[in-house]
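This report describes selected secondary-structure elements of a protein chain. Please consult the sequence and the structure shown below while reading.

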Amino acid sequence: VDRLSDKQTFETLSSTVLEYQRRNEPYFILVYNLGTHHGFDSPDVKYADGTNPDLNKFHNYDHWFGNFFEKMKEAGVWDNTLLVFSADHASYPAPEYKNVFQTKREYFISTVPLFFYHSDVTPARYDVGGRTSLDLAPTILDLLDRQSYVNYFLGTSLFREPKSELSYMSAIGSLFYCSKGGKLVRVSKRDRRAQEIQSYYKINMN
C-alpha cells in the first residue's frame with residue numbers, strides 16, 4: 001500500500017494551506033499520519049544511533065510537525081487558522097513499545113494528546129475528567145460557534161457538561177471501558193452503557 005511518509009505528509013499539508021491562504025479562501029483540512037503506527041520505522045530523521053524503530057518514528061514525527069508548525073507561524077497562518085492536534089489511541093499492546101517505554105498495559109486506551117492553537121488564544125489547561133474522543137467533533141463545533149446546529153454526533157463539547165455517560169466510554173471490539181474521573185474500569189457487556197454502544201454497532205452494520 002502506497003502511503004506518504006510523515007515528511008511528505010507535512011510538506012503536502014504546508015503547500016496546501018499556503019495555497020488556500022494565497023487565494024484567501026476558507027478551508028478545513030484533516031490529516032491522518034501513518035508514520036507512527038506499529039511496525040514502521042522512520043525513513044528520514046533518526047533518533048540517536050537510529051537502531052530503535054519505535055524511538056525513530058516518534059522522533060521523526062516530532063521533527064516534521066515542529067518544522068510544519070514553525071513554517072506556518074512564520075507565514076502568519078495561525079493568525080486566522082485554528083490548529084487541532086490529537087491522536088486516536090496508544091501503542092501499549094505492541095511488545096516493542098512495551099519494552100522501550102517500560103509498560104505492562106495490554107490495551108490501546110490511554111490519555112492522548114489534544115490541543116487547540118491559535119495566535120490569539122491565551123494558553124490554558126483543562127482537566128476533562130476522563131472524557132473520550134467521542135467529544136472531539138462537538139468540541140470543534142463549539143469552538144466554531146456551531147454547537148447549536150443540528151448534527152448527529154453522540155458526544156458533547158469538552159467545554160460543557162456531558163449529555164450522557166458515553167462521553168466516558170471506550171470500546172475496543174467487544175471490550176468496553178469507562179474512564180470517568182481518569183480511572184479506567186472494565187465494563188461488562190451487560191452494562192446499559194455497553195449495550196447502548198452495541199446498539200450503535202448494529203445500526204452501523206445495517
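## Helix α1

In this predicted model, the buried residues of helix α1 are Asp 6, Thr 9, Phe 10, Leu 13, Ser 14 and Val 17. Because they cover an arc of only 130° around the axis, these residues lie on the same side of α1. The helix α2 (53-74) is what the buried residues of α1 pack against.

Helix α1 comprises 18 residues, 6-23. From its first C-alpha to its last, α1 reaches 26 Å, close to the 26 Å expected at 1.5 Å a residue. After α1 comes Asn 24, with a positive phi near 55°.

## The pair β1 and β2

Strand β1 (residues 83-86) is joined to strand β2 (residues 114-117) by 4 bridges, and the two run antiparallel. Within this pairing, Val 84 stands opposite Phe 116 of β2.

The two faces of β1 can be told apart by burial. Leu 83 and Phe 85 form the covered face of β1, whereas Val 84 and Ser 86 form the uncovered one. In a regular strand, side chains alternate between the two faces of the sheet.

## The three-stranded sheet

An open sheet of 3 strands is arranged in the order β3-β4-β5, with antiparallel pairing. Its edge strands, β3 (169-172) and β5 (185-187), each pair on one side only. On average, neighbouring strands of this sheet are turned by 35° against each other, direction ignored.

Strand β4 (residues 175-178) runs antiparallel to β5, and 3 bridges join the two. Here Tyr 177 is placed opposite Arg 186 of β5.

Key:
Residues are numbered from 1 along each chain as its sequence is written. This is a predicted model: local features need pLDDT of at least 70, side-chain atom pairs count only at pLDDT 80 or more; totals for chains, interfaces and linings use all residues. Side-chain values use heavy atoms; hydrogens and water are left out. Two strands pair if DSSP finds at least two bridges between them. Axes are lines fitted to C-alpha atoms, for helices over the stretch in contact, and angles run from 0 to 180 degrees between N-to-C directions. Buried means under 20% relative accessible area, exposed over 50%, partly exposed in between (1.4 Å probe, protein chains only). The expected span of a helix is 1.5 Å times one less than its number of residues. The arc is that of the directions from the helix axis to the C-beta atoms. Contact means heavy atoms within 4.5 Å.
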